[in-house]
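Please read them with the structure open.

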Amino acid sequence: MRAAVTTEYGPPEVVRIRDVEPPTPADDELLINVHATTLNRTDCGYRGGKPFLVRFFSGWRRPKVPVLGTEFAGVVDAIGTKVTSFGVGDRICGWCEGSFGAHAEYMTIRADRALNCMIPEGMAFEQAAPSTEGSHYALSFLRRAGVKAGQDVMIYGATGAIGSAAVQLATRLGLTVTAVCGTGYVDLVKDLGAERAIDYMTEDFTRDPRRYDLIIDAVGKSSFWKCRHLLKPKGIYTASDRPWAQKPGLFIPVFVGWLFVSGVTRLLGGRRQMVAVPHSDPEGLQWLKEQIESGAFQPVIDCTYLLEQIVEAYRYVETGQKIGNVVIKV
């Protein structure tokens, strides 16, 4: 089978399309004939070994997993002897960060992964593939913050994979959304459900007179200190990227700073920063799975590349200019 193989850390050019042996499913796994996958910041990080902390999980000197890819859409080609939840021929999509393997014609995945979803009838594989990762992170931020229907949320970076998913899901949860985006995408974020849109290229969103129960920085380019005055008492700020992740030497001072912020939370009217780490949430994941399988959640797609063009796709994603998701057609 064809696969995008990475045997060393480095720039996009370290990725090679090679013929490799297809995997064999274990008793509790599915063998997926992958039709489409995605390429995102997670893949870029694991391919480049950056931030450096990722190497504690991916391999100190070289990648432990040679085939990346965190999302897939395809057809079940075979099932393990213990699998009862899916059958051969089922069209499914899912999230496979950790095990990876989606940048290939075939991959295996445990059948009991929470976000293995049936693809809605009539939905193309390319549309289904980016349904899970951005939405999972977005929902995790919303659920961990404990925001309720009727409360106010600001989403900075509302056109990225996480941000565009957060706008949709927050709206479906009954939250009032203000989306911060670039010129030309105001109509897009409003179509996704945002009540208001702020064009950060023409106005400073930190001067917004409104106050929020939650601010999600979906691109990691702002900070709690810049946004804290936008929060209501007991409001929460969270971000998808942290500066210590890019520069490990900052970990200790940032951690100490976080402890300090936690200590003075009361002085700030209860406003606080929430560490953006997804957590175990079976109820939330079941709700998200229902949104995907019903077709209610529609991921935003920027462009599509062929598997043979994956190096070009990596270069584009690393410009930081993508809107929504970049899909790889396998």
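What share of the contacts in the protein chain with a separation of 6 or more comes from residues 24 or more positions apart?

1. The share is 69%. Bear in mind that this is a predicted model.

2. Overall dimensions come next. The chain has 330 residues and a radius of gyration of 20 Å. That agrees with a compact globule, because the rule for this length gives a value near 20 Å. Along the principal axes, the C-alpha atoms fill a box of roughly 60 × 45 × 40 Å.

3. Secondary structure: the protein chain holds 11 helices and 15 strands.

4. Burial and surface. Of the 330 residues, 52% count as buried. The accessible surface is about 15,200 Å². Carbon and sulfur atoms own 53% of that area.

5. Charges. The protein chain carries 37 positive and 36 negative charges. Their mean positions lie 10 Å apart.

6. The buried ones are Thr42, Asp43, Cys44, Gly45, Tyr46, Arg47 and Gly48. Both Asp43 and Arg47 are on that list.

7. What covers the buried residues of α1? The cover includes strands β1 (2-6), β2 (15-19) and β3 (29-39). Helices α2 (55-58), α4 (133-145) and α11 (310-317) are also among the covering elements.

8. Check both ends of α1. At its start, a side-chain oxygen of Asn40 comes to within 3.1 Å of the backbone nitrogen of Thr42. Just after the helix, Gly49 adopts a positive phi of about 65 degrees.

How values were computed. Residues numbered from 1 in each chain as written. Predicted model: local features only at pLDDT ≥ 70, side-chain atom pairs only at ≥ 80, totals over all residues. Heavy atoms only, no water. Buried < 20%, exposed > 50% of the residue type's maximum accessible area, 1.4 Å probe, protein only. Helix = DSSP H or I, 4+ residues; strand = E, 2+ residues; numbered from the N terminus. Contact = heavy atoms within 4.5 Å. Polar contact = N/O pair within 3.5 Å; in protein donor to acceptor, adjacent residues only side chain to side chain. Rg over C-alpha atoms; globule rule 2.2 N^0.38 Å. Areas by Shrake-Rupley, 256 points an atom, 1.4 Å probe, with all protein chains shown as cover. Lys, Arg positive; Asp, Glu negative; His and termini not counted. Charge placed at Lys NZ, Arg CZ, Asp CG, Glu CD.
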